[in-house]
Amino acid sequence: MTTEQAVLLVALVDLSADVDAGQRYEDAVLALLGRHGGRVERRLRTGDGETEVHVIRFAARAGLDAFLVDPDRVALRTELGDAAPVTRVLEVRDV
């Protein structure tokens, strides 16, 4: 039997298109992580409020994959349209 390894991510989130809407979106989307075995380990914001950094861990890659296609997440992003944050996600590991 194979055991899936946890997945550790860092997300760099540019909220500058609409800071208030972007922060509300991130609040809502990050709340969905638990249903997919994910959790926020750290959530940081720059002094100007225009960028967030998230450290997120999923128990398994399948959870990340499910989160990315979660219908509630997709609907929230569609609803926000052009004001949606631009996010760069990096898979990382402890060194």
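Biologist: How do the residues of the lining of the largest pocket divide into nonpolar, polar and charged?

Modeller: They divide into 12 nonpolar, two polar and three charged, where Ala, Val, Leu, Ile, Met, Phe, Trp, Tyr, Cys and Pro count as nonpolar, Asp, Glu, Lys and Arg as charged, and the others, Gly among them, as polar. This is a predicted model, in which local features need pLDDT of at least 70 and side-chain atom pairs count only at pLDDT 80 or more, while totals for chains, interfaces and linings use all residues. Residues are numbered from 1 along each chain as its sequence is written, and side-chain values use heavy atoms, with hydrogens and water left out.

Biologist: What volume does the largest pocket have, and what makes a space a pocket?

Modeller: Its volume is about 270 Å³, that is, the space filled by probe spheres set on grid points that are joined across faces, edges and corners. On a 1 Å grid over the protein atoms alone, a pocket is an open set of points with protein on both sides within 12 Å along at least five of seven lines, and lining residues have an atom within 4 Å of a point. Of the 17 residues that line the largest pocket, the closest to its centre are Ala11, Phe67, Arg73, Thr87 and Val89.

Biologist: Which element gives the largest share of that lining?

Modeller: The largest share, four residues, comes from α1; helices (H or I, at least four residues) and strands (E, at least two) are DSSP runs, numbered from the N terminus.

Biologist: Why is Asp70 called buried, and with which residue does Asp70 meet in a salt bridge?

Modeller: Buried means under 20% relative accessible area, exposed over 50%, and partly exposed in between (1.4 Å probe, protein chains only); Asp70 has 3% relative accessibility, and therefore counts as buried. Its side chain meets that of Arg35 in a salt bridge (3.0 Å, N to O). This pair links distant parts of the chain, with Asp70 in the loop between α2 and α3 and Arg35 in the loop between α1 and β2, 35 residues apart. At the start of α3, a side-chain oxygen of Asp70 also reaches to within 2.7 Å of the backbone nitrogen of Asp72.

Biologist: What makes Asp27 and Arg43 a salt bridge, and why does the pair tie parts together?

Modeller: Their closest N and O atoms are 2.7 Å apart. Asp27 lies in helix α1 and Arg43 in strand β2 (residues 38-45), so the pair ties together parts that are 16 residues apart in sequence. Asp27 counts as partly exposed because its relative accessibility is 44%.

Biologist: Is Glu52 buried or exposed?

Modeller: Glu52 has 0% relative accessibility, and so counts as buried. Glu52 forms a salt bridge with Arg45, the closest N and O atoms being 2.6 Å apart. Salt bridges that share partners join Asp27, Arg43, Arg45 and Glu52 into one network.

Technical notes. 1 Å grid on protein atoms, 1.4 Å probe; cavity = no way out; pocket = protein on both sides within 12 Å on 5 of 7 lines; lining within 4 Å. Salt bridge = Lys/Arg side-chain N within 4 Å of Asp/Glu carboxyl O. Polar contact = N/O pair within 3.5 Å; in protein donor to acceptor, adjacent residues only side chain to side chain.
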